[in-house]
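Q: Please take a close look at one strand and its pairing, then go through the salt bridges of this model.

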Amino acid sequence: MYIKYIFLFSLFIGFILADVPAPSNPVSDDKAESIKEDDSNKKTTAKPTTSTTKPMSTSTAPPTPTSTITPPTSSSVAPTSTVPSTTVSTPAPQPTPSPTSPSTTPAPVPPEFWTVTNSTNNITCIVARMNIELEMHHENKSLTLKGNPKTLKASGKCGKDLQTLEIFLPQNGSDSASVLFYFIESEKTYFISTLSIMIPLNSSDTVSEIKNVTLYETGKNTSYSCPSYMLNLEPGNKTTVKLSMGNIQVEAFRFTNTTKFSQAVQCPNSEVPDIVPLIVGLALAGLVIVVVIGYFIGRRRSQARGYLSM
């Protein structure tokens, strides 16, 4: 029952409220008037808004000062670039070591061979290389002189049939000793025919010896090579001289302006193949001995077995 009354009462109130819409319309009209006023004032308000945007742009402007901070950094880099310029000036004194480069200019090392050149036609007639040593015993005095092409000087002459090479070995307190080689040419070969040795002892005494020899004979346009050579001399007066040479290679009667050796011919003493037959012979002799010993041992054993069978 009460529910019906409540429902009817609510419908009644609803019809009453439906007949009174006026209060809502004035409010909307006021709003419309305010909107019109706002539209009329938009023009004036729009300017402040733009002015407000300008401050916003000015608010963004502060980052631009940050860009102004970077130039100081670039200016700070400039002084650092000036510092290397001072360091570059310091290497400039380093050309002073260039005077040390002249120390390399003495690099022209003496050649490892001696040459004798004809000054008229500029042809090198003799090329020689060797280690040389002189040992002398004179009464109570002994002397040893030695050297090689890098430390010793030499001279010579280019003749048509006779050519010479003289090697000087300096010694303390007196003139240099010397060894003189005489080269003679035959029809197809050339060789050393004479050795002359001179050793000054003092201003008034000199040991000298001339020896006729036949050394290093070889064909023309070839050089002669030998590992060693030794010659003993007895000039007299209780004096002995020993000439020792090693790593020898000589060539004479040349007709070129080069200093290179021609094809080398080895001396017989340096030919290694001579050792091979000796080794083979010894091996065969040892084999024969082993066979003979084995034969006698086998025969004795066979004889011993024969006695046991009986």
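A: Strand β7 (residues 189–200) is mostly covered, with 10 of its 12 residues buried; buried means under 20% relative accessible area, exposed over 50%, and partly exposed in between (1.4 Å probe, protein chains only). Strands are DSSP runs of E with at least two residues, numbered from the N terminus. The model is predicted: local features need pLDDT of at least 70, side-chain atom pairs count only at pLDDT 80 or more, and totals for chains, interfaces and linings use all residues. Residues are numbered from 1 along each chain as its sequence is written, and side-chain values use heavy atoms, leaving out hydrogens and water.

β7 pairs with strand β8 (residues 206–219) in the antiparallel sense over 10 bridges, where pairing requires at least two DSSP bridges between two strands. Thr189 has Gly219 in β8 as its bridge partner, and a hairpin of five residues joins β7 to β8.

The whole structure holds four salt bridges, each a side-chain nitrogen of Lys or Arg within 4 Å of a carboxyl oxygen of Asp or Glu. One of them links Lys220 to Glu185, with the closest N and O atoms 2.7 Å apart. Lys220 lies in the loop between β8 and β9 (223–233) and Glu185 in strand β6 (residues 174–185), so this pair ties together parts 35 residues apart in sequence. Lys220 is partly exposed at 32% relative accessibility, and Glu185 is partly exposed at 22%. Another salt bridge joins Arg254 and Glu251, whose closest N and O atoms are 3.2 Å apart. Arg254 is buried at 5% relative accessibility, and Glu251 is buried at 3%.

Key. Helices (H or I, at least four residues) and strands (E, at least two) are DSSP runs, numbered from the N terminus.
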